[in-house]
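Subject: Structure for you to look at

Hello,

I am passing on the structure we talked about. Please open it alongside this message.

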Amino acid sequence: MNNVVATLARVLLPLLWLGTVHPLCGQDAEQAVKDKVLKAIELMDKGQLDESIMLLEEAYLLDPTSYQIPYEKALAMYMKKDYKEAIRIFESLTSHKDADAQLYQMLGNSYSTAGEEAKALDAYAAGLKVFPDAGRLYLETGNVYLSKKDYESAVKNYERGIAVDPMYPSNYYRLSKIFLMTPDEVWGMLYGEIFINLEMGSKRTAEISELLFKTYQSEIKVSANKRSVSFCQNSVLPLLNLKDAEKPVLPFCLVYEPLLAAAVVSADTIELSTLNGIRTRFLDAYFDKKFNESHPNVLFDYQRKIQEAGHFEAYNRWLLSAGDEDAFSEWASANALQWRLFVSWYKENPLLLTKERMFLRTQN
């Protein structure tokens, strides 16, 4: 975990010190603590780590009950690559009443960055015992296995993270990147689209947007006499299903690929404008043929909601915009009102996922 991510982890942590100032400090001392910590954070963000640590130590003398102050100091030590001291402080905070999953995340990351991956896994596991719904701890566990190229274990942990914390975006990001490098790109496409809806406006969002666009281009073949799609490795119906079930449920790939292939028939090129048509025809067929009943999918339900609101074209072009920024900008300029209406609607109608209503590859 690099310094930027460490800083983000610290910023995301609630400013608990605001409510933990020692009652004997008084109002002036409380303000002094607040000022010192804010200044220390500012210095840390600028890379002035020693100065930041000095201010944090001064603040801690005024408020020795604080959780936030030593946590900030540990982050500074992490950024200084003094992992031994960072680990010592993070470990000491695990018994604090304000300890949270992010503390165990940073403790494990400190071990991992120091090359002690077994201890990192132990830290994440310890955190999950206390915070079993912490998607971030499954993420970091998956990252350790990913670094070992144990993709099966990495995927298993990322998907466990989604199961317990479906609104946490980073597990979708990792899964999308992994599956888009395999013959089963379909899962990368779905995980990637969900990720973009959960984490908007980041560099990672643009990265996945471009990957989705390029995968459409690489896996949909359009020639003068032929149209084909290739998003699934195994698209053969198992014979056991036919023998043992009166009405066998088709594997998801035998729903996805034929519907997509039919949607591609009238396309001559694969670009933003034609992909909008392809995705629209796919979605219409999915609901018209009632696959939403046999293969319910929260993402397709959300797409339908966007479509019924009249914004599916704007959504599709935005979703894949990093694949062709010029084409998207040209469309947005020519359709300014349509774009503004979509943005306004989208802000009020985000994709919401719950443990009862989510998307997981293993459930399809």
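Below are notes on a cavity and on one helix.

Please keep in mind that this is a predicted model.

The cavity

Searching the whole structure gave 1 cavity of 30 Å³ or more. Two or more lining residues come from each of helix 11 (185-198), helix 12 (203-219), helix 14 (253-264), helix 15 (272-288) and helix 17 (298-308). Helix 11 contributes the most, with 3 residues. By type, the lining divides into 10 nonpolar, 1 polar and 2 charged residues.

Helix 8

Helix 8 covers residues 135-147; at 1.5 Å a residue its 13 residues should span 18 Å, and the end C-alpha atoms are 18 Å apart, so the two agree. The helix is mostly covered, with 10 of its 13 residues buried. Those buried are Gly135, Arg136, Leu137, Tyr138, Leu139, Glu140, Thr141, Gly142, Asn143 and Val144. What covers the buried residues of helix 8 includes helix 6 (101-113) and helix 7 (117-130), along with helix 9 (151-164) and helix 10 (170-179). Just after helix 8, lysine 149 has a positive phi of about 65 degrees.

Regards

Methods: Residues numbered from 1 in each chain as written. Predicted model: local features only at pLDDT ≥ 70, side-chain atom pairs only at ≥ 80, totals over all residues. Heavy atoms only, no water. 1 Å grid on protein atoms, 1.4 Å probe; cavity = no way out; pocket = protein on both sides within 12 Å on 5 of 7 lines; lining within 4 Å. Points joined across faces, edges and corners; volume = space filled by probe spheres on them. Helix = DSSP H or I, 4+ residues; strand = E, 2+ residues; numbered from the N terminus. Nonpolar A, V, L, I, M, F, W, Y, C, P; charged D, E, K, R; others polar. Expected span 1.5 Å × (residues − 1). Buried < 20%, exposed > 50% of the residue type's maximum accessible area, 1.4 Å probe, protein only. Contact = heavy atoms within 4.5 Å.
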